[in-house]
Amino acid sequence: MQEERVSTQTKLSIAAAALLSFIGILTETSLNVTFPTMTREFGLPLSTIQLLTSGYLLMVTIIMSTSSFLLKRFDTRPLFRCAIIVSIIGTILCCLPIKVYWLLLFGRLLQATATGISTPLLIHVILSLVPVSRRGTYIGLANMVTSFAPALGPTYGGMINHYFSWRIIFVFTLPLLLIAWILGETNLRLDAQGAGKSFDGVGLVLLSLFMVSFTEIFDQLGAVGGWSYRVAIAIVVAALTLGLFIWRCLASKSPLLDLRLFKKPIIGLRGANYAILQFVNIGSSFLLPVFAENFLGIDSLAAGLMLLPGSLLGAFIAPFVGKLYDHRGPTLVLLISNVSVIIGATALWAMTGKATVIVLTLLYMFLRAGFNFGYGNTMSDASKFVSASQQTDFNSLFNVLQQYAGSLGTTVLSTSLSLSEARIPHDVKAASVAGATNAFALVIVLVLVALCLTLVSIKVRKDPSVQMQSVEA
């Protein structure tokens, strides 16, 4: 049918934004396998080095929280151009052969700014230009592209770190940035959708303070090996700023994030499931290589290769499960997703002390396949209960959930390792087993919650009043 066609220009616009997002995720996951090397090179603990990932994801989240305003106020092409330029500057700073950790972190934060613009822009193009009947397929394709980055990232980073220097990771991304720039300049043409929307600067400050203070709770726990007055202060600040932020979002006419979307039960249920899946995804992709290097004594190249089959499998099945969702609806794919991730996480928990490279590789494949069955389809299904005028607000909200959940996944699971190292300082292997076991126990609990949310959503979605809220065009 004519309305189901997707133009070549739309496809190239999606490709441009997807490529920039791909680069951001590639560098993020590439660095995870280099952290043991960096701790020695910079003389800093893992709790500080891991800010290159958790701090990156935190900055991405903060920028994404502004995406509703940005996409309504500015045309897509100048936004994309800004993201490319900032990314190039950040990449050059990361390439510099200067052993100053904070300069490297600043470069990573600039790269995060670019990813924080490009990822919501990618989904915005799909939600704006792709018919609802093909939305699952195209979000699946977008997830395939961005899933290929975690597939390639650990292997790419491990190989570069093994044979050259981890800084070369950034050098090789510069040509890709130029290709993305050309694609975006020649194809992105979506106009701003609401020039009258005001920017909620107070909301941004409150959200940033909450995210930083909540992350600081786990950073401090990992740094000192337990409770301290700084942890207590961070908890108080996080609770206070979260309360104020929620109040402002519900009371403001132009909130930074439209939390009122969660008043629709299906959106709230899907949002929580979406965040949990991303927590597990990013957290496990950080935890497993570090655990394998410390416990099994393998190098960064082998640790990266260990994740490659699972990530490739996830990337390969993403468009197919999107198409399955388009034809069969959400129930089957989400149940398969939650149950598979539970089985994979439970097996990892049970096998931690007896793990081998092959065992970790196979179990990560299972975990990753389960993740991809649910991840993109969770967002696709929720988007059908949002009107066209609310799509940018929905996009911003779910992207913030996605990125902050990923940041927390890295921070919390890193804290589990750091606490075990503090308690067992003279036995790296024993500390790694204890930390990873506790981390996977937490993952099991979270995914059990996600399964319960899916079961509740099946009943909620059958409610005639909920079905009437669905927007099919």
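**Helix packing and a buried loop residue**

The buried residues of helix H10 are Leu 177, Ala 180, Gly 184 and Asn 187. They lie on the same side of H10, because the arc they cover around the axis is only 115°. An α-helix has 3.6 residues a turn, so residues three or four places apart point the same way. The cover over the buried residues of H10 includes H1 and helix H6 (76-95). The model is a predicted one.

The length of H10 was also examined. Helix H10 runs over residues 174-187. Its 14 residues should span 20 Å at 1.5 Å a residue, and the end C-alpha atoms are 20 Å apart, which agrees.

Helix H1 (residues 8-32) also meets helix H4 (residues 51-64): their axes come within 9 Å and cross at roughly 155°. Angles over 145 degrees count as roughly antiparallel. H1 and H4 are therefore roughly antiparallel to each other. On the H1 side, the contact is made by Gly 24, Ile 25, Glu 28, Leu 31 and Asn 32. H4 contributes Leu 52, Thr 53, Tyr 56 and Leu 57. Of the residues in this contact, five are nonpolar, three polar and one charged.

A loop residue was considered next. Asp 258 sits in the loop between helix H12 (229-251) and helix H13 (265-296). The relative accessible area of Asp 258 is 11%. Buried means under 20%, so Asp 258 is buried. With neighbours within four places in sequence left aside, Asp 258 is in contact with Gln 390, Asp 393 and Leu 397.

How values were computed. Residues numbered from 1 in each chain as written. Predicted model: local features only at pLDDT ≥ 70, side-chain atom pairs only at ≥ 80, totals over all residues. Heavy atoms only, no water. Axes fitted to C-alpha atoms, helices over the stretch in contact; angles between N-to-C directions. Helix = DSSP H or I, 4+ residues; strand = E, 2+ residues; numbered from the N terminus. Parallel < 35°, antiparallel > 145°, perpendicular 65-115°, else oblique. Contact = heavy atoms within 4.5 Å. Nonpolar A, V, L, I, M, F, W, Y, C, P; charged D, E, K, R; others polar. Expected span 1.5 Å × (residues − 1). Buried < 20%, exposed > 50% of the residue type's maximum accessible area, 1.4 Å probe, protein only. Arc of directions from axis to C-beta.
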